[in-house]
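Hi everyone, thanks for making time this morning.

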Amino acid sequence: MEFLDPLALARWQFGLTTLYHYLFVPLTLGMGLIVAIFQSAWVRTGHTKWLQLTRLFGKIFLINFAMGVVTGIVQEFQFGMNWSAYSRFVGDVFGAPLAFEGLLAFFFEATFIGLWIFGWDRLSRRLHLATIWMAWIGAVMSAYFILAANSFMQNPVGYQMAEDGGRAELTDIFAVLTNRVALATFPHTMFAAIMFAAAVVVAVAAWHMARSQHVEAMRPALRLGMWMVLGSFIGVALSGDQLGLQMVATQPMKMAAAEALYNTACGADASFSLFSLGTPDGTSEIWSLRVPYLLSFLSTHTLDGCVEGINNLNADYTQAWPMFADQLGGELPFAPVIWVTYWSFRWMMGFGAVAALISVVGLWITRKKATRTVPQWAWRVAIWSAPLPLLGSLTGWVFTEMGRQPWIVFGLMLTEDGVSPSVPGWNVLISLIAFTLIYAVLAVVEFGLILKAAQKGPEPIPEKSPDGDSDDADTSVPTTVY
């Protein structure tokens, strides 16, 4: 039965669980940095408002971190459950950066998070501050190792095929960790994560500012959050430009699919459509809003550069990999689902641009002399704009992974060859339904906990003991806070 196709169900399950897990990843990466900045401001200035912000957003950070750990474990299990053929083929290479992530980065991060949680009344202020910075560094390392593993799927390097041709063998871990795609993807991912976390800070601060609550703490949080959203968006755009160049160099089909460009175009003909109406196969275009030369510039950084089209690339790939072409069949066997890549590429940029625009407007209308005249609708816009950077990240990953299709490892292994051969469709369906239901419950719990903490706002800070010293253990912040 078609609805019990193991490949389709395995792809749906991995896609859904991966996107669900990624709901927590950027908030952990970005919020860890923001909490560290707030605590640094407190240690440097001694102002209570920074400590209140540290504790408030520290709670959100820890709630989110716990959920990320739980959902991340499932990701690793799926390689053995539904993708055992892929795991056997690439495990020698793919497993190395994942081992670094689990045995080095994650334990490094978790250790310092533990010290941060329980060290408030046991460590000096500066030493305790160092623990949150080290925890964030651990999270960053963890993200890099995972991105290095994913980048091997986009651009395989540092390997050789086994004598029997049945698996890839690691030959150069340094090449894997310095993959040109990983080096470009990492800053793009980090800026996007910081942008989302900053948007959450803006939303929380806007909620309290709309009610004139905790204004002394929330106003600097609001302004800092908007500046970080704007700065991160600039970082996302610049790093995305470099990532696009690497994409053209390693996976030109993905760039062609992003524009639904079927035939090679150069110069003015290599335009970029901001919006288009037509058939998904590109045979008929009803109307489009185009920017001449833009696709050429994005792909080559020149105005007269040529961008290869889907038809041309498919012909090249068919000649290079005739066995895979025969296995896939169809008119364009090496092309991804064009409408998915086309629209996800635009939604990715659009969500981020709208969030940045809201921050620009917000910075203007919340300037010092104008804060009292901010209308209520502006606060509501700020609150509801929080998910925009996250939606941009999610659609960006949809573009990245769907644009790689039909490959699970580009040029080496087709997605259909990576699925577990002995797992029946009904088995995958049961786990898909179970994970979906469990994750739905966890999402409600996660959102409820974060919403409760955000709406409660900063808690009063107990007075410091009379004989306390700013460089000694900080007895003014009890461990029971978390």
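Let's begin with charges: Glu259, Arg290 and Arg346 are joined in a network of salt bridges. By salt bridge I mean a side-chain nitrogen of Lys or Arg within 4 Å of a carboxyl oxygen of Asp or Glu. Before going further, a word on the source: this is a predicted model, where local features need pLDDT of at least 70, side-chain atom pairs count only at pLDDT 80 or more, and totals for chains, interfaces and linings use all residues. Residues are numbered from 1 along each chain as its sequence is written, and side-chain values use heavy atoms, with hydrogens and water left out.

Arg346 and Glu259 form a salt bridge whose closest N and O atoms are 2.5 Å apart. Arg346 lies in helix H13 (residues 338-365) and Glu259 in helix H9, so this pair ties together parts that are 87 residues apart in sequence. Helices here are DSSP runs of H or I with at least four residues, strands are runs of E with at least two, and both are numbered from the N terminus.

The side chains of Glu259 and Arg290 also meet in a salt bridge, at 3.0 Å from N to O. Because Glu259 sits in helix H9 and Arg290 in strand E5, that pair ties together parts 31 residues apart in sequence.

Glu259 is buried, with a relative accessible area of 3%, and Arg346 is buried at 8%. Arg290, at 33% relative accessibility, counts as partly exposed.

How many salt bridges does a search of the whole structure find? The search gives five. One more to mention is Arg167 with Glu169, where the closest N and O atoms are 3.2 Å apart. Arg167 counts as partly exposed, at 35% relative accessibility.

Now stay with helix H9 for a moment. H9 spans residues 252-259 and is mostly covered, with eight of its eight residues buried. Among them are Lys254 and Glu259, along with Met253 and Met255. Just after H9, Ala260 takes a positive phi of about 55°.

Leu274, Phe275, Leu277, Ile286, Trp287, Leu289 and Val291 make a nonpolar surface patch of about 660 Å². For the rule: patch residues have over 30% relative accessible area and no salt bridge, with like charges joined within 9 Å and nonpolar side chains (Val, Leu, Ile, Met, Phe, Trp, Tyr) within 5 Å. The areas come from the Shrake-Rupley method with a 1.4 Å probe, and for residues only the protein chains shown count as cover. Strand E4 (272-278) and strand E5 (285-291) each supply at least two residues of the patch, and E5 gives the most, with four. Leu289, which lies in E5, is partly exposed at 43% relative accessible area.

Next, the inside. The largest nonpolar core has 72 residues, and those with the most contacts inside it are Met31 and Phe57. A nonpolar core is a set of buried Ala, Val, Leu, Ile, Met, Phe, Trp, Tyr and Cys residues joined through side-chain atoms within 4.5 Å. Helix H7 (residues 180-210) gives the most to this core, with 16 residues. What does Phe57 touch, leaving out residues up to four places away in sequence? Phe57 touches Met31, Val35, Phe38, Val201 and Val204, a contact being heavy atoms within 4.5 Å.

Finally, the aromatics. Rings of Phe, Tyr and Trp (its six-membered ring) pair if their centres lie within 6.5 Å; planes under 30 degrees apart count as stacked, over 60 as edge-to-face and the rest as tilted. By this rule the count comes to 26 aromatic pairs. One of them is Tyr317 with Phe410, edge-to-face, at 6.1 Å centre to centre and 75° between the planes. Tyr317 lies in helix H11 (residues 310-320) and Phe410 in the loop between strand E7 (407-409) and strand E8 (413-414), so the pair ties together parts 93 residues apart in sequence. Tyr317 counts as buried at 8% relative accessibility, and Phe410 counts as buried at 14%. Ring pairs also link Tyr317, Trp321, Phe324, Phe334, Trp407 and Phe410 into a cluster.

Notes
Buried means under 20% relative accessible area, exposed over 50%, partly exposed in between (1.4 Å probe, protein chains only).
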